[in-house]
Amino acid sequence: MNKAKEIEFSLLMNQHNGIIYKVVNSYCQHQDDRQDLAQEILTTMWLAIDNYNNEFKFSTWMYRIALNVAISYYRKDSKRQDKISLDNEQMINIVDIAEEDKSEDIRQLYRFIGQLNKLNKAIMILYLESESYESIANSLGLSKTNVSTRIGRIKATLTNQFQE
C-alpha cells in the first residue's frame, strides 16, 4: 500500500473510530480483550481496504467487518463464550460510548442489549445507529425480512424486560 493509501486509511479509521469502539465495547468485558479485538478489526480492515466498493457507505462496510470479526473472535476460543454471558453486575456498560446520555433507562437498555446473543446484539447496535433494515441486512448477510422480524422480537423482549 502506498503512502497516500496509508494516510487515507488512517483518516477513515479516525473519522469512523466510534464504530470500532461500539463493537469492541459490546463484545468484550475486559480491557485486554477489547484491545485484542480492536487490533484484529483494524488488521482485517487494513487487509480488506482495497476491496472496499465506494458505491456503498464506508460505515456500513466498516460495521460489517467489525461485527463479523467480533463474532468470529469468540467462535475461535470457546473460553470466550463465558465472557458474553455476563450477569448485570459484570455487564460492560456500552453507554460509555454515548457519554452525553447517562439516564438510567439508557443504561438499563444497553445492559439488556448486552445480554442478547451475538447476532441480535449486532442487529441492535446497527439499529440504534439508525441504519436502515436493508443496510443491516447487507452488513450481516441476512434478509431484510429476517432483520425486520428480529428487530420486532428484540423490541418486544426489551419492552418485557423494562416492565419487569
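Where is the place of Glu 6 in the chain? I looked this up and found Glu 6 in helix α1, where a helix is a DSSP run of H or I with at least four residues, a strand is a run of E with at least two, and both are numbered from the N terminus.

**Before going on.** I note that this is a predicted model, in which local features need pLDDT of at least 70, side-chain atom pairs count only at pLDDT 80 or more, and totals for chains, interfaces and linings use all residues. Residues are numbered from 1 along each chain as its sequence is written, and side-chain values use heavy atoms, with hydrogens and water left out.

**Glu 6.** I checked the accessibility of Glu 6 and found a relative accessible area of 31%, so Glu 6 is partly exposed (buried means under 20%, exposed over 50%, and partly exposed in between, with a 1.4 Å probe and protein chains only). I also looked up Trp 46, which lies 40 residues from Glu 6 in sequence, while their C-alpha atoms are 9.0 Å apart in space.

**The whole chain.** I counted 9 helices and 0 strands, and the order from the N terminus is α-α-α-α-α-α-α-α-α. Of the 164 residues in the chain, 43% are buried. The chain exposes about 9400 Å², of which carbon and sulfur atoms supply 45%; such areas come from the Shrake-Rupley method with a 1.4 Å probe, and for residues only the protein chains shown count as cover. I then turned to contacts (heavy atoms within 4.5 Å), and among those with a separation of 6 or more, 62% join residues 24 or more positions apart.

**His 16.** Is His 16 buried or exposed? His 16 sits in the loop between α1 (3-15) and α2 (17-27), and because its relative accessibility is 18%, His 16 counts as buried. Leaving aside residues up to four places away in sequence, I found that His 16 touches Phe 58, Ser 59 and Met 62.

**α2 and α3.** I looked up the axes of α2 and helix α3 (residues 31-48), which come within 9 Å and cross at roughly 135°; axes are lines fitted to C-alpha atoms, for helices over the stretch in contact, and angles run from 0 to 180 degrees between N-to-C directions. That angle is why α2 is oblique to α3 (under 35 degrees counts as roughly parallel, over 145 as roughly antiparallel, 65 to 115 as roughly perpendicular, and the rest as oblique). On the α2 side the contact is made by Ile 20, Val 23, Val 24, Asn 25 and Tyr 27, and on the α3 side by Arg 34, Leu 37, Ala 38, Ile 41 and Leu 42. By class, these residues are 8 nonpolar, 1 polar and 1 charged (Ala, Val, Leu, Ile, Met, Phe, Trp, Tyr, Cys and Pro count as nonpolar, Asp, Glu, Lys and Arg as charged, and the others, Gly among them, as polar).

**α7 and α8.** The axes of helix α7 (residues 118-128) and helix α8 (residues 133-140) come within 10 Å and cross at roughly 140°. From α7, I listed Leu 119, Ala 122, Ile 123, Leu 126 and Tyr 127 in the contact, and from α8, Tyr 133, Ile 136, Ser 139 and Leu 140. These residues divide into 8 nonpolar, 1 polar and no charged. Within α8, I found Ser 135, Ile 136, Ala 137, Ser 139 and Leu 140 buried, and after α8 comes Gly 141, with a positive phi near 70°.
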